[in-house]
Amino acid sequence: MDLAYYFVDDDAASASPDRLAFLLHDTWPLPTGAGGSETVFRHSVPVRSVRLAPPGTDCTFSVRLCWQSPDLYRNLDLTGAIQFPGVSLPDLATHLAVDGPGSHRWPHDVRLLRALVAPGEHDMGRALERYAQLPGYAPSPASLDRAPAHEAVLQEITDLLHTERLAESLIRLDAHIAQVARYIDGFFGFDQWILFDNRWAATHPELARSLLHYAAHWDPYEK
């Protein structure tokens, strides 16, 4: 397991909140307030884009902090957050439910997120509940990378679920940020999946930018 330690003094923290705010945030969940549709969030952090909707003012971001990311099988030096331009968080489930011509080439986390959404669901709440019920260090179904039909992979996920979400797992669902901390075991603890859109990010820009930085590289000063 890759593991990084950070020693940060007050001067560094106050000088670089856009890079350190998430690392220094010592409570769960993240704050939930969000602005209106006119709010603008700007950042310069490398992210991956998946187009689910025509261009628009909204944008949703996905950050999954897990044991050995399936994109490169490491805990650190991740490949970056994923953004869905033109999509607000309340509309994400609806857009994920639509089959796209290039969906088999989506990043692993997007394919997993889509697999967690059942037909007819219009918000991400039940999908994250399912994620919290998945067991083990690698919760993805074995067939996910073979791009099976959505019905088949959803059934495989359903078969993997704990009967109930473990008491240690945490979930918080709000209009513009959704957060799940999935309990794995006493050794590793939790992995996390955080979905937020520009309306939340514009209200909490330091947390949002530092979270995007952490998803791109373990060293907050690197990118």
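**Figure 1. Helix α5 in the predicted model.** The buried residues of helix α5 are Gly-125, Ala-127, Leu-128, Arg-130, Tyr-131, Ala-132 and Gln-133. The model shown here and in the other views is predicted. Helix α5 is mostly covered, with 7 of its 9 residues buried.

Figure 2. Helix α4 is mostly covered, and 9 of its 9 residues are buried. These buried residues are His-108, Asp-109, Val-110, Arg-111, Leu-112, Leu-113, Arg-114, Ala-115 and Leu-116. The elements that cover them include the strands β2 (59-65), β3 (82-85) and β6 (189-197). The cover also includes the helices α3 (92-96), α5 (125-133) and α6.

**Figure 3. Packing of helix α4 against helix α6.** Helix α4 (residues 108-116) and helix α6 (residues 150-160) pack with their axes 8 Å apart and at an angle of about 80°. Because angles of 65 to 115 degrees count as roughly perpendicular, α4 is described as roughly perpendicular to α6. On the α4 side, the contact is made by Leu-112, Arg-114, Ala-115 and Leu-116. On the α6 side, His-150, Val-153, Leu-154 and Ile-157 take part. By class, the residues of this contact divide into 6 nonpolar, 1 polar and 1 charged.

**Figure 4. Asp-109 and its contacts.** Asp-109 lies in helix α4. The residue is buried, with a relative accessible area of 6%. Its side chain makes a polar contact with the side chain of Arg-64, at 2.8 Å. When residues up to four places away in sequence are not counted, Asp-109 touches Arg-64, Ile-82 and Trp-193.

Figure 5. With a relative accessible area of 17%, Arg-111 is classed as buried, because the term applies to values under 20%. A polar atom of the Arg-111 side chain lies 2.9 Å from the backbone oxygen of Trp-106. Leaving aside neighbours within four places in sequence, Arg-111 is in contact with Ser-103, His-104, Trp-106, Leu-144 and Asp-145. Arg-111 and Val-153 are 42 residues apart along the chain, and their C-alpha atoms are separated by 10.0 Å.

**Figure 6. Packing of helix α2 against helix α8.** Helix α2 and helix α8 (residues 205-216) pack at an angle of about 85°, and their axes are 6 Å apart. This angle makes α2 roughly perpendicular to α8. From α2, the contact involves Pro-17, Asp-18, Arg-19, Leu-20, Ala-21, Phe-22 and Leu-23. From α8, the contributing residues are Glu-206, Leu-207, Arg-209, Ser-210, Leu-211, His-213 and Tyr-214. The contact of α2 with α8 has 8 nonpolar, 2 polar and 4 charged residues.

**Figure 7. The cis peptide bond at Pro-29.** Trp-28 and Pro-29 are joined by a cis peptide bond, with omega about 5°. In general, most peptide bonds are trans. Pro-29 is placed in the loop between α2 (17-24) and β1 (48-49).

**Figure 8. Cys-59 and Cys-66.** Cys-59 counts as buried, at 12% relative accessibility. Cys-66 is buried as well, with a relative accessible area of 7%. The structure holds 0 disulfides.

Figure 9. Ala-15 is placed in helix α1 (residues 10-15). At 60% relative accessibility, Ala-15 counts as exposed. The C-alpha atoms of Ala-15 and Gly-125 are separated by 36 Å, and these residues are 110 residues apart along the chain. Glu-151 lies in helix α6. Glu-151 is exposed, with a relative accessible area of 66%. Glu-151 and Leu-30 are 33 Å apart in space, C-alpha to C-alpha, and 121 residues apart in sequence.

Terms used: Residues numbered from 1 in each chain as written. Predicted model: local features only at pLDDT ≥ 70, side-chain atom pairs only at ≥ 80, totals over all residues. Heavy atoms only, no water. Axes fitted to C-alpha atoms, helices over the stretch in contact; angles between N-to-C directions. Helix = DSSP H or I, 4+ residues; strand = E, 2+ residues; numbered from the N terminus. Parallel < 35°, antiparallel > 145°, perpendicular 65-115°, else oblique. Contact = heavy atoms within 4.5 Å. Nonpolar A, V, L, I, M, F, W, Y, C, P; charged D, E, K, R; others polar. Buried < 20%, exposed > 50% of the residue type's maximum accessible area, 1.4 Å probe, protein only. Disulfide = S-S within 2.5 Å. Polar contact = N/O pair within 3.5 Å; in protein donor to acceptor, adjacent residues only side chain to side chain.
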